[in-house]
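Dear colleague,

I am handing over the structure we spoke about, and below it you will find what came out of going through it. Please read the notes with the model open beside them.

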Amino acid sequence: MTKKLQILLAAFLLCASSACSNGQSATTEQPENGETQLQEEKSASYTVKDDRGLDITFEAVPEKIVSLQPSNTEILFALGAGEKIVGVTEYDNYPEEAKEIERISDSMTADTEAILALKPDAVIAYTTGDDAGVQQLEAAGLNVFVIQSAQTFDDVYGDIEQIAAVLGEKENGEKLISDIQSQISDVQEKVAEVSEKEKTYFEISPSPDIYTAGSETFQQEILENAGVENIFADQTGWVKLSEEEIVKRNPDTILTTVNYVENPTEEIKSRGSWDALDAVKNDKVFFLDSDVMSRPGPRIGEAVELAASAVYPELFQ
């Protein structure tokens, strides 16, 4: 943020010195409503560093943008730039307006010809995406701004700051971050009343290949902020489990984000030996929106509230 502030200050000084060189006073040239100055600031070139460490220079604030990751598309919309997006991936489904934008990527491989045809001013890519495609787009002269895929909430806040810098919307970026943090703080205040955290199993892949999220994952940070005890927090990363391991740990609550089987909560409750689990006996098996719970974007506050309200519904009535 400090570097961005320096860039904006340099752009302002450039405009001021330009006015003086025309023999006109900066004071007398100040428009009454400030509109002309704002236009000049937004049209001045500026540079923002991406997560490759490259300085990406924009001759003006981008008016046509391609986004190669759903979470970044959500950030763009949250910053008020939704109307500028001309290309997205096939998985971009939020907000509703995103469904109407042209599909130019499957999230891993981008259609470079389709992107070039759109003539975007900026392409917001990410580090685990199509490196060869990024190189082709850059070779064609496009401004490609690469963001490292977020692994933590702090990473998400950093992504918002970077994209806001690209858009020339520093204040909007700061406000968005503040709003998200306030939403999370509100949830934390409510769950602070809980004397004993609910032991919870979080399923991201169903039987027979059962997977959960352990520590050092984005989902674990969601659960921690929601005041939920992940029974597999002693494991690291994405963990493959046996049914016996889950039964042995006997969770009080089960959360699932599996959205590709019919009625995922009933599928869990129907598993042979799982009827002995407290979560199943007490009918505390809940489905949570997989997009909200997995995308490192502006809905992380919603994800925290979603998890907390499922586990502690009495606190959110």
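Asn72 counts as buried because its relative accessibility is 0%, where buried means under 20% relative accessible area, exposed means over 50% and partly exposed is in between, with a 1.4 Å probe and protein chains only. Once its neighbours within four places in sequence are left aside, Asn72 is in contact with Ser67, Ile124, Ala125, Ile147 and Ile163, contact being heavy atoms within 4.5 Å.

Before going further, please keep in mind that this is a predicted model, in which local features need pLDDT of at least 70 and side-chain atom pairs count only at pLDDT 80 or more, whereas totals for chains, interfaces and linings use all residues. Residues are numbered from 1 along each chain as its sequence is written, and side-chain values use heavy atoms, with hydrogens and water left out.

As for the chain as a whole, the protein chain holds 14 helices and 13 strands, and 46% of its 317 residues count as buried. Among the contacts between residues at least 6 apart in sequence, 58% join residues at least 24 apart.

Gly168, which follows H7, has a positive phi near 70°.

Helix H9 is likewise mostly covered, since 7 of its 8 residues are buried, namely Phe218, Gln219, Gln220, Glu221, Ile222, Leu223 and Asn225. Here too a glycine with positive phi comes after the helix, Gly227, with a value near 75°. In the loop between strand E9 (210-213) and H9 sits Ser215, which counts as buried because its relative accessibility is 18%. Not counting residues up to four places away in sequence, Ser215 touches Gln220, Phe232, Ala233, Gln235, Thr236 and Gly237.

Next, the largest pocket, which holds about 770 Å³ of space. A pocket is an open set of points on a 1 Å grid over the protein atoms alone, where a 1.4 Å probe fits, with protein on both sides within 12 Å along at least five of seven lines, and its lining residues have an atom within 4 Å of a point; grid points are joined across faces, edges and corners, and a volume is the space filled by probe spheres set on the points. Its lining consists of 28 residues, of which Gln219, Ser290, Ser294, Arg295 and Pro296 lie nearest the centre. Two or more lining residues come from each of helix H4 (70-78), strand E8 (199-205), helix H9 (218-225) and helix H13 (290-294), and H13 gives the largest share, 4 residues. The lining divides into 12 nonpolar, 12 polar and 4 charged residues, with Ala, Val, Leu, Ile, Met, Phe, Trp, Tyr, Cys and Pro counted as nonpolar, Asp, Glu, Lys and Arg as charged, and the others, Gly among them, as polar. At least three lining residues are drawn from each of domain 1 (46-167) and domain 2 (194-315), bounds that come from an automatic or database domain assignment.

Tyr94 and Pro95 are joined by a cis peptide bond with omega about -10°, and Pro95 lies in the loop between strand E4 (85-89) and strand E5 (103-105). Another cis peptide bond joins Ser207 and Pro208, with omega about 10°, and Pro208 is found in the loop between E8 and E9. Asn263, in the loop between strand E12 (253-256) and helix H11 (264-269), has a positive phi near 50° although it is a residue other than glycine, and is partly exposed, with a relative accessible area of 42%. Asp283, also not a glycine, has a positive phi of about 55°; Asp283 counts as partly exposed at 47% relative accessibility.

With best regards
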